[in-house]
Amino acid sequence: MTRTEPPATPASPSTLPSASASTPTSTPTSTPLVLLDTDPSRPPAGAQKVASASPRLLQSTEHHFCSGCGEPVALRLLLEVLDELGVADRAIGVVGHGCYGGFVTTMDVDILQCLHGRAPSCATGIRRMRPEAVVFTIQGDGDMINEGLQEVLHTAARGENVTCVLLNNGVFGDTGGHMTAATVVGQRTKTSLEGRDPAIHGYPIAVADMIAGLSGVGYVARGAVHSGPGITTTKRMLRRAFERQLAGAGFSLVEILTMCPTGWFVPAAQGGTYSEQQLAGAYPLGELAGGGPAGQATAGGGAGGRVDAAAR
Amino acid sequence: MPAVLIESSDLFRCRIEPVARHSFILSKGSAYALQCEAPFPPRPDGRGIHGEIPMTVTQPPPTPDAPSASAGAGISVGSDQGTSLLLSGSEAVARASIDAGCRFFAGYPMSPFTNLLESFSKLMRGPERVCVAAESEIEGANMAIGAAATGARAATGSCGQGLALMQEAIAESALNETPLVFFNMARSQQDYFQATRGGGWGDYRTIALAPKDVHEAIEHTHLLFHLADLYRVPTLFYGDHFIAHTEVGVTPHVPDLGPLPPKDWALDGRAGGSGRSKLHWTWNMGKVLDPGPGPDAHWRAVAAKFDEIRRLERRWEVDHPNADVMVVSFGTAAGFVEHVARELRAEGLSIGTFRPITLWPFPEEALAEATEDSRHVLVFEVNAGQMVDDVRLSVGDRSKIRSIGGISADESGLRYGALLDVPAVRARILAATGLEAAR
């Protein structure tokens with residue numbers, strides 16, 4: 001393997017401790033002033049390397065995602081969990097169609113890039129032929145809830161022992177910001193210019209809540225990556241979902257709310273706030289089914305367990 | 001010669017008999033084997049609810065290894081080698097698929113494909129061989145793609161109406177090079193364009209085999225799995241309710257079709273994290289450290305592969321080539337046409353038959369050669385005229401070509417109507433050649 005390890009770049013100039021203080025008006029010293037240390041071999045003062053900047057299962061850090069996009073964060077968590085569970089050498093992913101498809105060439109796991117919406121069905125065929133594999137899908141809300149709602153519902157009800165990862169940003173990001181079945185009420189898209197109006201466009205579908213009510217389900221949770229705590233919680237959810245799959249507990253789903261400032265028509269820096277206020281407001285976070293003792297919000301009944309909505 | 005009352009629900013099974021002269025069975029389980037003594041009389045009302053047919057009635061042949069007794073996961077391939085079994089076409093095709101190593105089937109019931117799904121469901125119940133009752137044709141086809149992407153031999157199917165829903169999956173498996181067999185147990189011959197042209201996107205073709213009877217259906221099943229693996233393409237079986245429902249004595253065998261390339265492209269997950277993981281995709285992009293050709297070069301390569309298949313895999317059957325009258329037909333209908341041609345030849349008419357076995361690739365040159373000196377090229381197909389397009393593309397002098405088939409469905413819409421019968425075929429041939437009045 002010739003994977004390129006990214007250089008241990010220093011933190012960006014704006015966060016360098018010395019940057020703001022090192023202005024031309026500061027007191028001259030005997031040593032030359034270093035405004036911007038670009039030597040990657042020398043960490044900046046006070047910096048401490050705590051982890052590799054890139055997940056081991058990511059073959060390149062180059063991508064074509066918009067500034068502020070939440071999907072790379074979610075995919076990074078997925079890759080880290082596969083690596084940490086030691087299942088990378090028996091994982092097979094099925095990837096639908098959306099911006100996240102840009103990662104199929106850089107994720108170092110076997111991938112079937114499938115038809116729009118059909119990932120759970122393809123995953124079923126893979127699972128039945130390779131019982132030893134760890135099988136997962138990556139789908140967006142357009143892929144899973146619009147085009148492929150039937151697939152994911154039947155696969156869940158069938159209790160297929162696969163893990164579906166839903167990256168929900170409430171918009172068709174890949175096509176440039178159009179309304180999906182998960183677009184929240186009031187959300188402006190290119191096909192709901194005045195905001196999603198239930199009288200015209202109907203209501204969004206909370207697919208994770210639907211699936212949590214089905215027998216045959218081992219684990220369902222909804223996380224978000226717009227905050228540090230959200231990221232760590234979401235990673236725990238992913239880990240738990242794959243642990244349930246490894247235990248043969250049946251179908252698992254982790255919905256991850258991801259930022260799409262481009263498709264939301266907000267500045268990149270406001271993506272997190274928008275996600276927290278709009279999406280997470282409509283889609284409450286937490287474990288919806290199969291949460292164990294360490295579960296955050298609820299404790300489901302394991303495989304096939306139902307969770308009272310009030311418990312959330 | 002005892003007379004046997006033919007009930008309406010069984011009549012369609014019997015109509016094939018004057019042509020094929022195989023033993024057949026009127027009802028499952030407690031059946032007699034019947035051998036028809038003469039062509040059936042024309043049905044007076046054109047619908048033929050029942051009639052008294054002269055038959056020789058014998059007990060069915062012994063079936064020491066009945067399929068029901070050996071159903072389940074533990075079917076050993078080749079255990080029936082050389083043993084004659086009484087099977088419906090659906091059972092025979094499902095067993096042939098298992099003999100060919102098929103490990104995955106997914107389907108959604110739709111007559112007359114339903115019997116094939118039932119047969120797979122009965123025979124593939126263990127962990128080694130899986131039959132999924134898919135919740136839709138779309139799901140079934142994509143499950144099969146997933147299964148085949150792991151390197152397992154997999155199949156799905158429906159009738160033409162369900163195959164319509166699978167067109168996207170057929171194109172997908174052609175363009176991402178997933179070997180897969182699609183069984184069309186069609187209601188009629190109206191799916192010829194669907195089978196040979198398809199409705200998916202992109203530059204792809206589908207090898208389509210149209211068996212004439214159950215025996216050939218078994219051969220074709222093996223061949224379809226082989227060709228799918230050989231070329232990494234989807235292949236299509238064009239059967240019908242005669243093929244699906246007719247019960248005949250068959251002798252299972254596993255043909256040796258030659259070596260196949262290794263499935264080093266199959267997804268098993270084992271290379272994950274090593275830098276050599278795989279990507280299976282219609283764009284064929286490869287991974288960033290081991291790039292594939294990308295869409296432009298990949299789609300050119302796929303198209304070139306189909307050109308190669310067109311060159312190498314044309315199959316046909318011809319009888320009395322370059323007779324005055326040549327009749328072109330496919331599938332079950334060809335059995336009727338060939339029977340009529342034999343009758344007319346015995347009466348002194350110069351008539352031959354041509355049957356494309358591969359609907360795609362269509363045997364264009366062979367048909368051109370077989371009709372070069374003929375005065376009439378007649379195309380009999382139970383549809384409004386679909387294969388006749390390929391005949392026109394093949395035969396040099398188009399003025400010789402007449403379409404003598406037509407749409408013909410029974411009252412249910414699920415089966416052939418009155419046109420697919422010996423007297424009707426005979427009348428159409430004689431009318432088109434201007435010989436009717438002379439007789």
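Two residues are in contact if their C-beta atoms, placed from the backbone, lie within 7 Å. The exercises below use this rule on a predicted model, in which local features need pLDDT of at least 70, side-chain atom pairs count only at pLDDT 80 or more, and totals for chains, interfaces and linings use all residues. Residues are numbered from 1 along each chain as its sequence is written, while chains are lettered from A and ligands numbered from 1 in the order in which they are written.

**Exercise 1. Describe how α3(A) and α5(B) cross, and list the residues that meet.**

Step 1. Locate the helices. Helices (H or I, at least four residues) and strands (E, at least two) are DSSP runs, numbered from the N terminus.

Step 2. Take the axes, which are lines fitted to C-alpha atoms, for helices over the stretch in contact; angles run from 0 to 180 degrees between N-to-C directions.

Step 3. Name the arrangement. Angles under 35 degrees count as roughly parallel, over 145 as roughly antiparallel, 65 to 115 as roughly perpendicular and the rest as oblique. α3(A) and α5(B) are therefore oblique to each other.

Step 4. List the contact. From α3(A) come Ser121(A), Cys122(A), Ala123(A), Thr124(A), Gly125(A), Ile126(A), Arg128(A) and Met129(A). They meet Glu139(B), Asn142(B), Met143(B), Ala144(B), Ile145(B), Gly146(B), Ala147(B) and Ala149(B) of α5(B).

Step 5. Sort by class. Ala, Val, Leu, Ile, Met, Phe, Trp, Tyr, Cys and Pro count as nonpolar, Asp, Glu, Lys and Arg as charged, and the others, Gly among them, as polar. The contact of α3(A) with α5(B) has nine nonpolar, five polar and two charged residues.

**Exercise 2. Find which element of chain B gives the most to the side that touches chain A.**

Step 1. Count the residues: the contact takes 39 from chain B and 38 from chain A.

Step 2. Find the contributors. Elements of chain B that each supply at least two residues include β6 (102-107), β7 (130-133), α5 and α7 (167-175).

Step 3. Pick the main one: α5(B) gives the most, with eight residues.

Step 4. Sort this side of chain B by class: 18 nonpolar, 12 polar and nine charged residues.

**Exercise 3. Describe the packing of α5(B) against α7(B).**

Step 1. The axes of α5(B) and α7(B) are 9 Å apart, at an angle of about 15 degrees.

Step 2. α5(B) and α7(B) are therefore roughly parallel to each other.

Step 3. Ala141(B), Asn142(B) and Ile145(B) of α5(B) make the contact with Ala169(B), Glu172(B) and Ser173(B) of α7(B).

**Exercise 4. Examine the backbone at Pro112(B), Glu177(B) and Arg232(B).**

Step 1. Recall the background: most residues other than glycine have a negative phi, and most peptide bonds are trans.

Step 2. The Ser111(B) to Pro112(B) peptide bond is cis, with omega near 0 degrees. Pro112(B) sits in the loop between β6 and α4 (114-123) of chain B.

Step 3. Glu177(B) has a positive phi, near 60 degrees, and lies in the loop between α7 and β9 (180-186) of chain B.

Step 4. Arg232(B) has a positive phi of about 55 degrees; its place is the loop between α9 (214-231) and β11 (234-240) of chain B.
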